[in-house]
Amino acid sequence: MGICGKSICFYISNIYNSKHGQPEILIQGTTGVELSSGLHWYLKYWCGAHISWNKTGGVQLGSVPPPGSLPRVDKKGVKIVRPVPWSYYQNVVTSSYSFVWWDWERWEREIDWMALQGINLPLAFNGQEYLWQKVFMDFNVSREDLHDFFGGPAFLAWARMGNLHGWGGPLSENWLNQQSILQKLTVTRMMEFGMIPVLPSFSGNVPAALKKLYPSAKITRLGDWNTVDGDTRWCCTYLLDPSDPLFVEIGKAFINYQIQEYGDVTDIYNCDTFNENTPPTNDPSYISSLGAAIYKAMSQGNKDAIWLMQGWLFSSDAAFWKPPQMKALLHSVPIGKMIVLDLFADVKPIWKQSSQFYGVPYVWCMLHNFGGNIEMYGILDAISSGPIDARTSSNSTMVGVGMCMEGIEHNPVVYELMSEMAFRNVKIQVKEWLKSYSNRRYGRTIAEVDEAWQILYHTVYNCTDGIADHNKDYIVEFPGISPPTKQSQLSIRRDLSHVNHRFSLREVASQLPQPHMWYSQKEVVNALKFFVDAGSSMSGSLTFRYDLVDLTRQALSKLANQVYLDALTAYGVNNLNTFTFHSQKFLGIIKDLDTLLASDDNFLLGTWLEDAKNLAMTTSERKQYEWNARTQVTMWYDNTKINQSKLHDYANKYWSGLLKDYYLPRASTYFNLLSQSLKENKSFKIEEWRAPWISYSNTWQSRTNNYSIKAIGDAFAISKSLFRKYFS
């Protein structure tokens, strides 16, 4: 049976009497993933090392002793058993928000990171359009018809889900071939570690041409998904009813092609037919028949197929998915043939309100991030206890833990803790764990930084308000609305020269979109002070530099929200001098943030754009990929001359270059027009700002100017200077 018996585990033991240069520590495990996890566990807890994404500071291995003096473990050895079999990774949109421009070198590094974190059930979504082209051409759809079906590279996730079509496209044969090769490499590497890749399956999303080719098929045109005015060039995709015989034929063909291309690598397939697409009726019997048909298409391609479904629909469309509808879908396939991802369990766990998904196996997942936004945020207590509570609850059907963020490479503390829950069978004491984390991340104990982490634990990493943290800071998601006026604030009776702004700000804030704020800014500024004080002794630490820059950015971005409200309060009571002071301060913070972020390689727009261009093989591809990259992080979707995209700034980023050349001109134009309206005593018309701003944005999206891919400046000196300027 081996060291693990019937369990899934790793085992760390000493090798005695080893000579110089020979192995000193033995790591055994069930698969390559467990071997890698065991290595990571030993490096962390015996050598004080730290491994995170390169873009969050990378690794700290300076604490690892040289060969011949590696720390010994307990004489009996250390055996760590997985309490549940699966550790899942990715959201279906992570492929667009984070992975879209990756080459094989970057993917290989990610899969190695996944193995070290214990991940054994990752999505493998690359290159599927290459196979979809084969499938649909077998059903007489032409390449030209598919140009309008596939989205552009940065928008493929939503084209796959049937939310949009054609936007950012078409896809070139070069792209299709490149991504197909990449998929084979990634799947092979995953298999070498013993991971089980989750492959895509047919959800019913079909090209428009199929309706003409098969006029008797049950093909429905869906409604609009977030276009400005229902533009059918991008919206209103076509869905083949799962009850139609053609559904099974297409679904079977797609799985057969995957088996031909990659081999017999998995039995687990993802399908999210109803992700932000509501069924035409809430009749449970109809919903059950749809689920059964979807599974039939999978099982005809692979008789051992297991359907893995994101449970996001049960949160996002809770009004529709009541208990009868949920039960109908979940029980439409045999128990054991479906796994549900409790996608938002870190905030709104569905397992509690659905009697353990009515007996269906599920994975406790942390969603955490939307749009790849950059924001210090987390719920460490929920992460450290939630999976334990779910697993040990009565009649639990939990079979795994998972990380389902929309974008990666931020908040390394959150992802390290969540990864460990794959191997923890009791709750973690977060306070003590954070002390160990801090020591590992920086390679030594720093009293000031330990104190700072305890503050962060109770503030930014203790969000308990139940609100999904999608970053809406005024810098990165600027409210494109008319500001409150004096007439809308008749209750305000005060002189703006007074220090206390509380009453006025409440009046203004009630009329504006609200950035999420769940902690004391004063306490976080105190944590920043501890980091700044420790900075002079940590100048060589890349992990420390990243955290210092990120924390400075966090503090300044929240200050800017307050300054923005101060400016609009002044505008609302026609106080030009005070308005000018605060609006200029807001613009100054944007400039200072750009300078700060330019000093760390991990906060640069240029990297994102260069990665996109480097995948191109022709001049036209280079231009298309750069447009895709620029558009996703700004306007996102379509607009008119006076109406921004409904999804503008959804994927906003605090990146140097984007702040200076996009967010700054936007705010500056807006404030200039407000200032002009005060000086001339005339009303402000929002269209006067929207039209030139949207024109500027569309021009910027199509530009090809280069941005720096190398850091400039001393991050420690800049952070210290900004702390003194704004918080001393």
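Helix 7 contributes the most to the lining of the second largest cavity, giving 3 residues. Keep in mind that this is a predicted model.

**Stop 1: the second largest cavity**

Select Ser 95, Asn 126, Arg 160, Trp 175 and Gln 179. Of the 16 lining residues, these lie nearest the centre of the second largest cavity. The space inside is about 120 Å³. Now colour helix 2, helix 6 and helix 7; each supplies at least two residues of this lining. Which classes make up the lining of the second largest cavity? It has 9 nonpolar, 5 polar and 2 charged residues.

**Stop 2: the largest cavity**

Searching the whole structure turns up 12 cavities of 30 Å³ or more. The largest cavity holds about 280 Å³ of space. Its lining counts 20 residues, and Gln 128, Arg 160, Met 161, Ser 201 and Ser 203 are the closest to its centre. Select helix 4 (128-138) and helix 6 (156-160) next: these are the elements that give two or more residues to the lining. Helix 4 has the largest share, at 4 residues. By class, the lining of the largest cavity splits into 12 nonpolar, 5 polar and 3 charged residues.

**Stop 3: helix 23**

Select residues 619-632. This is helix 23, with 14 residues. From first C-alpha to last, helix 23 reaches 20 Å, close to the 20 Å expected at 1.5 Å a residue. Which residues of helix 23 are buried? They are Glu 621, Gln 624, Tyr 625, Glu 626, Asn 628, Ala 629, Arg 630, Thr 631 and Gln 632. Show the cover next. It includes helix 2 (94-97), helix 7 (173-193), helix 22 (605-614) and helix 25 (686-702).

**Stop 4: the annotated N-terminal span**

Select residues 9-65. An unreviewed UniProt entry lists them as "domain: Alpha-N-acetylglucosaminidase N-terminal". The end C-alpha atoms of this span are 26 Å apart. The span is 25% helix and 26% strand.

Zoom in on helix 1 (residues 32-45) and pick out Ser 36. Is Ser 36 buried or exposed? Ser 36 is buried, because its relative accessible area is 12%, below the 20% cut-off. Display its contacts to finish. Leaving aside residues up to four places away in sequence, Ser 36 touches Ala 115, Leu 116 and Phe 193.

Conventions. Residues are numbered from 1 along each chain as its sequence is written. This is a predicted model: local features need pLDDT of at least 70, side-chain atom pairs count only at pLDDT 80 or more; totals for chains, interfaces and linings use all residues. Side-chain values use heavy atoms; hydrogens and water are left out. UniProt positions are given in the numbering used here, feature names are shortened, and annotations may be inferred rather than shown by experiment. Buried means under 20% relative accessible area, exposed over 50%, partly exposed in between (1.4 Å probe, protein chains only). Contact means heavy atoms within 4.5 Å. The expected span of a helix is 1.5 Å times one less than its number of residues. On a 1 Å grid over the protein atoms alone, a cavity is a set of points where a 1.4 Å probe fits but cannot get out, and a pocket is an open set with protein on both sides within 12 Å along at least five of seven lines; lining residues have an atom within 4 Å of a point. Grid points are joined across faces, edges and corners, and a volume is the space filled by probe spheres set on the points. Ala, Val, Leu, Ile, Met, Phe, Trp, Tyr, Cys and Pro count as nonpolar, Asp, Glu, Lys and Arg as charged, and the others, Gly among them, as polar.
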